[in-house]
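Biologist: I'd like to learn how to read a model like this one. Could you walk me through it, one feature at a time?

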Amino acid sequence: MAVERRFHPRHILQLPVTIILPGNDGEEYAGTSLNISLSGMQLAVPPYVTDAIKRYCAIPQELCLTINSEDTQSGEQISLTGRIIVNRRISSNEYLIGVKFRSLTPTLQDSLQKLLNRT
């Protein structure tokens, strides 16, 4: 049995995520969350997204993320900024991006915690 050593445990949660890269005139890219914690998330994205990240993001690579809740009645969205920690290929048509959240306000932390409590 594996022991959870993370300060903020991961929650498996697959939700659509909108990615906006700085320096790309607000063009939006789509990804899917694989897991989320209070400190970051892993995303699955197609290869053209990682190509755009390499093209438009300075080092360290930072981006804006909007997590779209599956509850369509409330239309809840959580907008965050993050820094890319991991970027690796997981198949011929998909990459895994690990993002660490930056500058979380208490309000954003509460919104994220409410989302994670639903799992």
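## Reading the fold

Modeller: Start with helix 1: the cover over its buried residues includes strand 2 (16-20), strand 3, strand 4, strand 5, strand 6 and strand 7. Helices (H or I, at least four residues) and strands (E, at least two) are DSSP runs numbered from the N terminus, and contact means heavy atoms within 4.5 Å. This is a predicted model, where local features need pLDDT of at least 70 and side-chain atom pairs count only at pLDDT 80 or more, while totals for chains, interfaces and linings use all residues. Residues are numbered from 1 along each chain as its sequence is written, and side-chain values use heavy atoms, with hydrogens and water left out.

Biologist: How many helices and strands are there in the chain?

Modeller: Two helices and seven strands. Along the sequence they come in the pattern β-β-β-β-α-β-β-β-α.

Biologist: Where in the chain is confidence lowest, and where is it highest?

Modeller: pLDDT is the predictor's confidence in each residue, on a scale from 0 to 100. Helix 2 (residues 106-117) has the lowest confidence, with a mean of 89, and strand 4 has the highest, at 96. The chain as a whole averages 87, and 89% of the residues score at least 70.

Biologist: Okay, back to helix 1. Which of its residues are buried?

Modeller: Buried means under 20% relative accessible area, exposed means over 50%, and partly exposed is in between (1.4 Å probe, protein chains only). In helix 1, V49, T50, A52 and I53 are buried. Looking down the axis, they fall within an arc of 155°, so they line one face of the helix; the arc is taken over the directions from the helix axis to the C-beta atoms. K54 and R55 are exposed on the other side of helix 1.

Biologist: Why do residues three or four places apart point the same way in an α-helix?

Modeller: Because an α-helix has 3.6 residues a turn. Now try helix 2, whose buried residues are L112, L115 and L116. They cover an arc of only 95° around the axis, which puts them on the same side of helix 2. P106, T107, K114 and N117 are exposed on the other side.

Biologist: What do the buried residues of helix 2 pack against?

Modeller: Strand 1 (11-12), strand 3 (28-36), strand 5 (62-68), strand 6 (77-91) and strand 7. There's a geometry check for this helix, too. The expected span is 1.5 Å times one less than the number of residues; for the twelve residues of helix 2 that gives 16 Å, and the end C-alpha atoms are 16 Å apart, which agrees.

Biologist: Let's zoom in on single residues. Is Q42 buried or exposed?

Modeller: Q42 is buried, because its relative accessible area is 16%. Q42 sits in strand 4 (residues 40-45). Its side chain makes a polar contact of 2.9 Å with that of N35. A polar contact is a pair of N or O atoms within 3.5 Å; within protein, one must be able to donate a hydrogen and the other to accept it, and residues adjacent in sequence count only if both atoms are side-chain atoms. Leaving aside residues up to four places away in sequence, Q42 touches R10, T32, S33, L34, N35, L96, I97 and G98.

Biologist: And Y95, which strand is that in?

Modeller: Strand 7 (residues 94-102). Y95 counts as buried, because its relative accessibility is 13%. P47 is 48 residues away from Y95 along the chain, but their C-alpha atoms are separated by 6.3 Å. Beyond residues up to four places away in sequence, Y95 touches a set including L43, A44, V45, P47 and T50.

Biologist: What about the backbone: which peptide bond is cis?

Modeller: The one from I59 to P60, with omega near -5°. P60 lies in the loop between helix 1 (47-56) and strand 5. Q61 is in that loop as well, and Q61 is buried, with a relative accessible area of 15%. Over in the loop between strand 7 and helix 2 there's S103, which has a positive phi of about 55° although it is not a glycine. S103 counts as exposed, because its relative accessibility is 66%.

Biologist: Last one: what share of the 119 residues in the chain is buried?

Modeller: Buried residues make up 37%. Among contacts with a separation of 6 or more, 54% join residues 24 or more positions apart.
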